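Q: Could we go through this structure together? I would like to begin with the overall picture and then turn to details.

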Amino acid sequence: MSGSSRNKVVIVGGVAVGAGVAAKVRRMDESAEIVLFERGTHVSFANCGLPYYVGGVITERDALLLHTPGSLKRRFDVNVHTHHEVTEIDRERKCVRVVNLIDGTRFEESYDKLVLAVGAKPIVPNLPGITLPGIFELRTVPDADAMKDWIAAQNVRRAVIVGAGFIGLEIVENLTHLGIEVVLIEKADQVLPPFDREMTASLLDELKKRGVETILSDGIVSFQGAKRATEVLLESGRAVQGDMFLLGIGVRPDFTLAKNAGLELGVSGAVRVNQELQTSDPNIFAAGDVAEMTHLVDQLAHFIPLAGLANKQARVIGQNICGAHETFGGALGTAIVKFGNVTLAMTGLSEKMASAENLKYQVSYSTSGHHAGYYPGAKNMTIKLLLDSSSHLVIGAQIAGEEGVDKRIDVIATSISGKLTVEEMAMLDLAYAPPFSSAKDPVIMAAMTAEHVMDGEVRTVQTLQEVADLGAILIDVREPSEVAEGILPGAIHIPLDELRARITEIDRSRPHVVYCRSGQRSYFAYQILRGLGVREVYNLTGGWIVQEMRKKTA
């Protein structure tokens with residue numbers, strides 16, 4: 001398997017990057033020689049669909065297989081070798097050393113351009129009992145096959161998922177779809193750690209509603225069992241029994257091959273690449289989960305393992321191998337996940353990221369229906385916006401809701417990419433008809449709410465601790481029927497429509513904080529109090545809804 005041509009491209013790894021690069025190179029250069037080595041069984045498959053195949057939502061296994069070695073050969077004239085692992089890169093001689101995992105034979109393959117598409121490895125802690133049968137990870141089609149076979153053979157009734165990230169939650173949903181009792185364990189103090197904690201409140205409610213026991217702030221210590229894993233021991237001393245266990249702790253870039261070849265690694269631990277996706281060796285490219293990328297907001301290097309980004313990078317590499325100088329500018333980390341009736345999405349920086357980087361920012365919350373309230377079936381969504389204090393640029397967003405979340409996070413991601421200020425985002429011309437949106441779309445409402453904060457029209461506080469620090473009087477301006485569900489500690493109740501008539505009850509020398517259900521009516525109350533001479537007034541951003549979210553996730 002040696003030889004040379006005018007442009008010989010060797011690709012290490014398949015799936016999104018590997019298969020994508022091969023296809024793009026072929027479309028641009030019919031004469032190129034393209035060789036792809038994949039250590040696994042399948043060269044191109046939909047790994048994001050694996051949880052749904054396990055859960056039976058995707059019924060046909062072949063639907064996950066996007067390309068086979070045969071189809072890549074027929075359509076793109078790519079020489080694909082599955083069950084072949086590249087073990088070493090000889091940069092001086094421009095060749096790779098390969099082992100056939102079936103028969104053990106070894107050989108060298110020369111290259112003009114080399115592409116590292118090896119992806120990431122699941123985090124598997126070195127714990128007692130970790131190799132017992134019945135403990136799974138989910139990265140490949142054989143992983144999914146093994147899980148489905150185990151569920152059927154062992155008549156699984158109770159599963160334990162370790163890790164409440166995106167993959168963990170997706171597999172939880174799909175196992176509950178099969179009628180399996182599920183326990184979810186997370187070492188962090190919240191589910192979905194990339195999100196700001198209060199935004200996960202609805203997800204906690206949905207997990208409980210669907211019978212999933214969620215254990216937070218507790219890590220795993222060891223697995224127990226004789227012929228198979230039967231329980232996992234936690235740091236708290238608790239033992240959790242199960243018929244099967246899944247590790248969804250996260251992934252790390254598979255940088256071993258690159259590091260051994262002397263290629264530079266970045267601060268994130270992934271392979272460092274330039275905007276043309278070249279490594280420190282200009283003849284070697286890297287992309288996908290093995291490479292770090294620039295975050296478009298903070299311009300820092302991050303590890304962002306998302307499938308959509310890998311596909312875009314594959315296209316850039318394919319073009320550049322064929323002589324172009326295309327660039328991949330970076331990413332926002334836009335992501336979305338669904339569990340039951342709840343959808344959470346994020347883009348840009350989270351508040352915890354912005355705080356850790358000591359950025360100067362403002363936060364605004366708004367809650368509104370995903371379509372017109374008078375049209376049947378409207379579902380509320382809460383949008384959290386993060387804004388740069390000086391430029392008024394939108395730098396991050398998170399949304400929790402049931403319907404229409406995907407549409408809104410994409411609009412906001414586009415706004416961030418386009419470097420829109422919150423004022424410009426508030427003026428976007430978005431589609432409206434009652435079944436789809438409101439005359440003021442939730443994105444527009446979120447932007448307008450934030451605009452009031454940014455231009456100084458309203459002063460806000462986020463937490464009850466801030467209210468206490470101000471020594472402020474808290475006023476609930478909701479209707480009596482709403483107050484029946486509860487009132488914030490220490491608050492007095494004056495409905496919005498009675499506020500002017502009861503102004504004599506207000507001590508104008510004291511600071512006041514007003515709140516309603518979502519923050520809109522309390523904005524009106526804020527203006528009334530200011531107009532009537534109360535000098536120090538604040539709006540509790542997000543209102544009752546966000547405070548309940550904070551309470552549930554405290």
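Predicted model: local features only at pLDDT ≥ 70, side-chain atom pairs only at ≥ 80, totals over all residues.

Q: What are the spans along the principal axes?
A: The C-alpha trace of the protein extends over about 90 × 55 × 40 Å along these axes.

Q: What share of the residues counts as buried?
A: Of the 554 residues, 52% count as buried.

Q: Turning to the sheets, in what order do E6, E7 and E8 come?
A: The order is E6-E7-E8, in an open sheet of three strands with antiparallel pairing.

Q: Which strands stand at the edges there, and why is one side of each left without a neighbour?
A: Strand E6 (84-90) and strand E8 (106-110) are at the edges; each has a single partner strand, so one side of each lacks a neighbour in the sheet. From one strand to the next, the twist averages 30°.

Q: How many bridges pair E7 with E8?
A: Five bridges pair strand E7 (residues 95-100) with E8, in the antiparallel sense. At one of these positions, Arg97 has Glu108 in E8 as its bridge partner.

Q: What about the sheet that contains E28, parallel or antiparallel?
A: Its pairing is parallel: five strands form an open sheet in the order E28-E32-E31-E29-E30. Strand E28 (460-461) and strand E30 (492-493) are the edge strands, and each pairs on one side only.

Q: How many bridges join E29 to E31?
A: Strand E29 (residues 473-476) and strand E31 (residues 512-515) run parallel and are joined by four bridges. Ile473 is placed opposite His512 in E31.

Q: Changing topic, which residues form the nonpolar patch on the surface?
A: The patch consists of Tyr374, Tyr375 and Tyr432, which together have about 360 Å² of accessible area.

Q: Where does Tyr432 lie?
A: Tyr432 is located in the loop between helix H11 (422-425) and helix H12 (442-454).

Q: Why does Tyr432 count as partly exposed?
A: Its relative accessibility is 41%. Buried requires under 20% and exposed over 50%, so a value in between counts as partly exposed.

Note on methods: Residues numbered from 1 in each chain as written. Heavy atoms only, no water. Pairing = 2+ DSSP bridges. Helix = DSSP H or I, 4+ residues; strand = E, 2+ residues; numbered from the N terminus. Axes fitted to C-alpha atoms, helices over the stretch in contact; angles between N-to-C directions. Patch = residues over 30% accessible without salt bridge, like charges linked within 9 Å, V, L, I, M, F, W, Y side chains within 5 Å. Areas by Shrake-Rupley, 256 points an atom, 1.4 Å probe, with all protein chains shown as cover. Salt bridge = Lys/Arg side-chain N within 4 Å of Asp/Glu carboxyl O. Buried < 20%, exposed > 50% of the residue type's maximum accessible area, 1.4 Å probe, protein only.
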